[in-house]
Amino acid sequence: MTGQAVEIVAVTGLAEGQVSHPVTVAANDAYTARLHTSLEMVRPLWLRFQESGVCTGHQNYAWAGGIVARLMPQGAEPLIVEVNDAATGEPRMLVPLMRRPALGHRVIEWLSCGVCDYSAPLLADARPWTTQSAQAAWAAVRSVLPPADRFHITGIPPQINGVANPLALLAETRDSLQTTFGLAIDGDPDTVLKRLCKPSFVKEFGKDWRRLERLGDVELVEAGTPAEVERIFGELVRMRLSRFRELGRFDLLTQEKVVDFYRNAAVRGLSDGAVRLFGLRVGEALIAVQYLLVHQGTVHALLIAMDQSVVPNVSPGLAIMGRLMSWARKQGFGYFDLSVGNQSYKANMGAKGSVLVELCHGFTMRGNAASTAIKLRDWTEVFVRSNPRLLKAAQGTMRGLRRLRGGR
């Protein structure tokens with residue numbers, strides 16, 4: 001593919017008095033790429049793609065803005081690459097990345113900071129991508145990125161709302177250890193569980209629901225005010241941290257800045273509808289909380305927390321999930337995304353799994369060493385999790401360490 005000249009241009013169309021940094025435009029025969037170093041530079045285009053193009057709820061502009069404002073580590077910088085058709089100049093996609101320092105080297109990652117399940121560009125429309133066009137677009141992206149020692153992009157789904165994800169088509173990608181699950185939902189909301197889920201799940205859901213009703217009124221409640229967000233989200237954090245301490249597992253919600261990010265996104269969701277927060281209440285007690293992202297026809301079930309001490313022999317998590325599937329269908333949604341993770345309840349519900357791919361490789365000696373270490377860590381985790389005795393011992397050790405750090 002013939003390379004074309006690289007030129008330096010200034011961003012135009014910004015608000016009066018706002019000065020932009022120069023950006024590099026590089027081109028090949030198929031695509032040009034333009035590097036932006038702030039979200040504000042691409043806000044109009046981002047919002048256009050978000051409204052009429054193809055993306056997930058994880059690529060919502062406000063969600064990305066919260067990441068940049070609250071979660072980016074010191075020394076990190078956003079790298080938003082705009083890819084255009086070389087012949088027409090028509091915008092084709094936006095690729096939100098970031099570069100950060102990491103133990104003596106620099107890594108380019110997705111603009112996620114741990115709060116995006118999926119790494120997927122925002123596409124201008126649903127036109128199909130091929131391996132050849134994806135490679136050409138990625139070559140254009142690479143040509144404008146600043147120097148780094150390695151790429152580490154995980155959580156790449158094969159498709160974005162039915163359209164092939166250009167990142168997943170790249171020859172450099174490989175299958176990851178992550179699997180995502182979801183259910184296409186249609187038809188009558190009142191029968192969605194019976195029609196689409198496994199009979200064993202439907203039976204268990206019905207049994208649990210009857211047990212809950214014997215204890216009092218059961219209600220699915222949605223946070224509708226900032227005060228309700230504060231209360232219900234506070235319960236989510238409490239339940240989740242308590243549960244993860246029992247399991248000896250780490251959770252991002254141990255970090256106050258992450259808690260602030262999710263809380264503020266939920267408050268913002270009261271006005272834009274992109275984030276929804278639900279609780280399952282029995283009498284006056286909340287027994288489960290679910291944090292959702294919604295975009296176009298998809299509901300993304302992100303954070304779930306439950307208090308099983310309130311109602312023994314009942315799964316509050318499955319109860320709220322079942323009710324939310326019916327709610328989602330009533331709202332006209334067509335897909336219920338159960339997020340990333342191989343938890344057994346997802347397959348038991350009848351959700352279909354899809355392996356995510358990743359783009360993780362080094363360019364320098366330091367980058368290659370870091371990539372190798374990460375692969376070894378991932379392999380060790382798989383080995384431990386596949387051995388119940390090792391897993392139990394590791395979880396016990398982690399619980400002990402956390403108690404020591406907590407002074408208990």
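# Notebook: contacts, cores and loops

**I108 and its surroundings.** I began with I108, which, leaving aside neighbours within four places in sequence, is in contact with L79, L97, M98, R99, L145, P146, A148, R150, F151, H152 and I153. A reminder to myself: this is a predicted model. I108 belongs to strand 6. Is I108 buried or exposed? I108 is buried, with a relative accessible area of 2%. I also looked up one distance here: the C-alpha atoms of I108 and P146 are separated by 9.2 Å, and the two residues are 38 residues apart along the chain.

**The whole chain.** Next I stepped back for an overview. I found 11 helices and 17 strands in the protein chain. Of its 408 residues, 48% count as buried. Taking contacts with a separation of 6 or more, residues 24 or more positions apart account for 71% of them.

**Largest nonpolar core.** Which residues touch the most other members of the largest nonpolar core? I noted W46, W63, L236, L253, Y262, L277 and Y291, in a core of 45 residues. The elements that give two or more residues to this core are helix 1 (43–52), helix 2 (61–70), strand 5 (91–102), helix 6 (226–247), helix 7 (256–272), strand 13 (275–282), strand 14 (285–295) and strand 15 (298–306). Helix 6 gives the most, with 7 residues. There is also a second, separate core of 36 residues, and I185, L292, I304 and V311 are among its members.

**Aromatic pairs.** I counted the ring pairs next, and the count comes to 12 aromatic pairs. I picked F261 and Y262 to look at: their ring centres are 5.4 Å apart and their planes stand at 75°, so this pair is edge-to-face. The cut-off I needed for that call is over 60 degrees. F261 is buried at 1% relative accessibility, and Y262 is buried as well, at 5%. Both belong to one aromatic cluster, formed by W63, F233, F261, Y262 and Y291. I then listed what Y262 touches, not counting residues up to four places away in sequence: W63, G114, V115, F233, L253, Y291 and L303.

**Cysteines.** How many disulfides does the structure hold? I found 0 disulfides. C55 is buried, with a relative accessible area of 1%. C360 counts as buried too, at 7% relative accessibility.

**Helix 5.** Which residues of helix 5 are buried? They are F201, F205, G206, D208, W209 and L212. I set one general rule beside that list: an α-helix has 3.6 residues a turn, so residues three or four places apart point the same way. The buried residues of helix 5 pack against helix 4 (192–196), strand 12 (218–222), strand 13, strand 14, helix 8 (316–330) and helix 9 (344–349).

**D251, an acidic residue in a loop.** D251 lies in the loop between helix 6 and helix 7. With a relative accessible area of 6%, D251 is buried. What does the side chain of D251 make a polar contact with? Its partner is the side chain of R240, at 2.8 Å. Not counting residues up to four places away in sequence, D251 touches R240, L241 and F244.

**Two positive phi angles.** L103 has a positive phi of about 50° although it is not a glycine. I placed L103 in the loop between strand 5 and strand 6 (105–110), and L103 is exposed, with a relative accessible area of 89%. Q296 likewise is not a glycine, and its phi is positive at about 50°. Where is Q296 found? I found Q296 in the loop between strand 14 and strand 15. Q296 is partly exposed, with a relative accessible area of 41%.

Methods: Residues are numbered from 1 along each chain as its sequence is written. This is a predicted model: local features need pLDDT of at least 70, side-chain atom pairs count only at pLDDT 80 or more; totals for chains, interfaces and linings use all residues. Side-chain values use heavy atoms; hydrogens and water are left out. Rings of Phe, Tyr and Trp (its six-membered ring) pair if their centres lie within 6.5 Å; planes under 30 degrees apart count as stacked, over 60 as edge-to-face and the rest as tilted. Buried means under 20% relative accessible area, exposed over 50%, partly exposed in between (1.4 Å probe, protein chains only). A disulfide is a pair of cysteine sulfur atoms within 2.5 Å. A nonpolar core is a set of buried Ala, Val, Leu, Ile, Met, Phe, Trp, Tyr and Cys residues joined through side-chain atoms within 4.5 Å. Helices (H or I, at least four residues) and strands (E, at least two) are DSSP runs, numbered from the N terminus. Contact means heavy atoms within 4.5 Å. A polar contact is a pair of N or O atoms within 3.5 Å; within protein, one must be able to donate a hydrogen and the other to accept it, and residues adjacent in sequence count only if both atoms are side-chain atoms.
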